[in-house]
Every structure is written in structure tokens, then in C-alpha cells.
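Me: I would like to go through this entry by question and answer. Please give the cut-offs as the terms come up.

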Amino acid sequence: MTENMDHIDDWSEIDDTLLDTGGADSVPPAAKSWLADQRYMHGLLRSMHLADSESREARIEAIFAGAKPAPAMRSGFVAAAALLACAIVGFIFPGYLLPSNLPEAQAAVMRATKLLGEEVDRRFILTVSLTNSEDREVMREEMELTTRPGMRILMVGQGVGVVRTGALRAGCDGSEAWILGGPFNMKRAMPLAQAAVLVANLGSVLDLGYLDLHALLERLPKALELQTIGREVLAANHELLHISAAGALPQTLGAAAKSPAGVSKLDLWVDEATGMVMRIVADTVTQVGFHSRVAFEYLDTVQLEATAYKRPW
Amino acid sequence: MDSRDLFEILVRAHIDSVRSFLLGSLRDPLAAEDLVQEAFLVAWRKLDYYDRKMPFGPWVRGIAGKLLLNWRRKQGRSKVHFVDDETLQLMDHRFEEFSSLAGDSFDEHLNALRDCFTCLSPQQRSAIDLHYQHGLHCREIARRLGFGLEAVKKHLQRGRAVLQKCLANKLPSVREEL
């Protein structure tokens, strides 16, 4: 930062913000930093005293009145926008029903719910992928998700694949949701109760509440039809119980979000030996016409400070 | 998801910064409002060329700066204070630092500036209040306060410098060093 006090006597005259008319045609190179400092404060002080919320809204409306034709976007931008929504707010479920309702499936989900309800930090790999109408994958994003019951979530990731979004951290400490980095280096925080506004702004595709996996599983037996598909061997030769779930699941963030896109398929894989849900996969169709798959793969437990879920600034 | 929804978030996040950036160099606040609108409309049309790995604020202020230079060429120095590419870049750097102050919104960042008013001398405070809050020109301030014209200009310039130094001390990078 320039020591700008020293030069007022030297360069006072070139500060044309204090002249009623006219101004300088050029300034000495050495004075430019000093002049920029003065202009910076001049702009801030004017802005501070010329501010009012009504005219601000009018300015924003005027911009959008003039911004009618959509720009020719690279598919990557649209995908990144959809990804951002996915990364922030999870996913939501539609009204599909499968025919059978087996007690085995209900019991497995309830046991997994009890485990996830423990006051423990659990790590998952959250993968969001998008395919276009030609069934070509246009984006794949992988993030590390840590959750603890009570709407405490932390996501850390780096864009990969077709779309690179840059480092992204997002989370919620139970009362405030926040996001830092990602496309456009966003830095936003808001009370959880108001996060529906963000969901609506981002296209109403998703629902933040479902990243609290304990709360998600807790709702399943009440809201959805559960069906055992069978036992399958996934990674590490481990046999898991495959359960499909379908049905209408209430939104967690109130009515501010518009109608979300539907999930066409939701599956869970539960380890019968430990009771832990090892994998959750949801297939959705986003509002921009992409097919989206959101998958959670359980990793392990970790021990985080309570402050880890709070916004880092 | 549509790009317009995301663009609205960006407009809301950066409109005050762009407006302040322009108000620093334009005499007429209404002209500043016009250029703010124009800058975001250009940004909307050019969004396809924006490198998403870079922060959005400098990009849109860069557009505003180019519009400002064009405006000065057309309107002359009676409407637009001296600006060139180098000065605009220096100003942009200051505004980017300003965005790193504590708080989530531009108005919350301005709270840091409001807090800094306690650092001003009574003369600087009076001159700044009369100039920015009441919109008085330097001659009128001089008449009201019983100072000479040059003294009023110095109080305003020194007052700005005091405020800027105070703000600079509130930057996260500086706070970490202390």
C-alpha cells in the first residue's frame, strides 16, 4: 500500500476530483499510484453516500431488462453452473414407486440411519457427473464430503475432467450455509433458512438438506418405497445389500425453491455386517436437460473440530 | 440451471464494486449508473470469453475501465477525470483488496470504512461530511468552515489518505502480519 500521505503537497493539483470543471490531460508516472489511491477512496466515499437499496434494485432490474438474449454459452459454462448447483445442494427425489416393500430393506436402512446418527464425522466421496442428450459425459466432479448429524457438512473439491471449476469448499455448520471458490471465486454465506433462495437462484435443481446423509436416510422409510434388489459384490470383494428407493420426498428448505428436476433412480448399498451404507447413487434429469448422477461412496470416520463446518472467513 | 440465474448472482455480488470504481473517475453519478449498466451488459454478451478460473470482479471492472476510457475520449476531461490504463489497473487492485475485507457484501465491507472515520481529525471529518454527504463543492466548504480553498482540498485529500491507511490495516494480509 502506498504511503500516500507524503505526496499531497507534491501532487495535490493533479487530483482533479476536487476541481469544479476541467482536469488533467496527463500526470507524472510517479504520481499515478497516489492518484489511484485518492480515486479509490473518492469512489468508495461517493458510493457510500449515494447508496440506497431501492435504486440498487432498479439498477439490477435495468441490467436484466437489457440482457434478454442469452449469450452463446460454451457447454462447459452450463455444465459448470449445473455442477455448482449439484455441488452445493445435493439432490432431490421424485414420485416414482417400485412395487414391493420388503422388511429387509426397511430394517437395513433403519440400521444404517442409526449408525449415521452417531455424533461422528464420516467421510464420503461425492461424485457428480453430467451426460448430455447424446449420452456423452460432459462433466465429472469429485469432492470429498464430510458429514455429521445436525446438518453439518463440509465439501472440498477440485474440478476435474471436461470442466475445471477451480478449488471449491462449501459447507454448513447447522445454521449457516456457505461456499468459497469454484466458478467465479464465489464467497457467500447465508442462514440455512434462507438457503432456499440460493437454491432458487441456482435453478432449483437440488436440495441442500439431503447432504446431511443421516437426515436423508431417516426420511427414506417414511417417504419412499424400499425394495431389496439383491446382494452384490462391489469393491474389495465385499458383499453388500442393494436396495432401491423411490417415491416423493419432501423438500427440506421450504417452498422458496421452484419445482426441482426429478430423480429417475435411487439406489443404496448397505454392508450387512456393519450396518453401514457404503454407497448411494441418484440419477436425475436437470433443468438444462442433462442427465446427472450423484454418488456417495463411504470412506471412513475422521475427527474434525466443530469449527471445521463453519465458514472459513 | 440457466446461465441467467447464475449471472444474476454475479451482478448482485459485484455491482456495487463496479459502481464505486466508476464513481471514482466520473463527475456525473448518472453517467456512472449508465456505464455500470453497460459494463454488465457487455459482460453478459462476453460471458463466453470469461476465464472461470479467474475472479469475476477484476474482469467486469476491466470492462468498465475500457468503457470509461471510451467515454472520456468522447466526452472530454470535463466529464471524466484523468484516467489511463495504468491508473485503472492500480485502482482495480485497490478494489480487489477491498473485497477481501471482513464481511460478505460490499455494504459490510463499507462498515470497515465507516469505522475508520474515527481516525479523522475534526477538520478532515467536517470537510469529508460536507463534500460527500452534503455534496458541497470545495469553495462552499471553505466558506462554511472559514478555511482557505487550498486548505479544504488538503483536508479532503489527507482525510482520504487517513481512511485508506486505516482500511489497509484491516486487510487480512496485514492483520496476519500484525
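Me: Are Cys116(B) and Cys166(B) buried or exposed?

Reply: This is a predicted model, in which local features need pLDDT of at least 70 and side-chain atom pairs count only at pLDDT 80 or more, while totals for chains, interfaces and linings use all residues. Residues are numbered from 1 along each chain as its sequence is written, chains are lettered from A and ligands numbered from 1 in the order in which they are written, and side-chain values use heavy atoms, with hydrogens and water left out. On a scale where buried is under 20% relative accessible area, exposed is over 50% and partly exposed is in between (1.4 Å probe, protein chains only), both Cys116(B) and Cys166(B) are buried.

Me: Which residue does the disulfide join to Cys116(B)?

Reply: A disulfide is a pair of cysteine sulfur atoms within 2.5 Å. Over all chains the count by this rule is one. At an S to S distance of 2.0 Å, the partner of Cys116(B) is Cys166(B).

Me: Which helices hold Cys116(B) and Cys166(B)?

Reply: Helices (H or I, at least four residues) and strands (E, at least two) are DSSP runs numbered from the N terminus. The torsion about the S-S bond of Cys116(B) and Cys166(B) is about -80 degrees, so the disulfide is left-handed. The pair ties together parts that are 50 residues apart in sequence, because Cys116(B) and Cys166(B) lie, in that order, in chain B helices α5 and α8.

Me: Against which elements do the buried residues of α5(B) pack?

Reply: In α5 of chain B (residues 106-116), the buried residues are Phe106(B), His109(B), Leu110(B), Ala112(B), Leu113(B) and Cys116(B). Seen down the helix axis, they fall within an arc of 140 degrees (taken from the directions from the axis to the C-beta atoms), so they line one face of α5(B). The buried residues of α5(B) pack against α1 (3-23), α4 (85-98) and α8 (149-169) of chain B, together with, from chain A, α2 (32-49).

Me: What is phi of Met151(A) near?

Reply: Met151(A) is in the loop between β2 (137-148) and β3 (152-157) of chain A. At 10% relative accessibility it counts as buried. Most residues other than glycine have a negative phi. Phi of Met151(A) is positive, near 60 degrees.

Conventions: Contact = heavy atoms within 4.5 Å.
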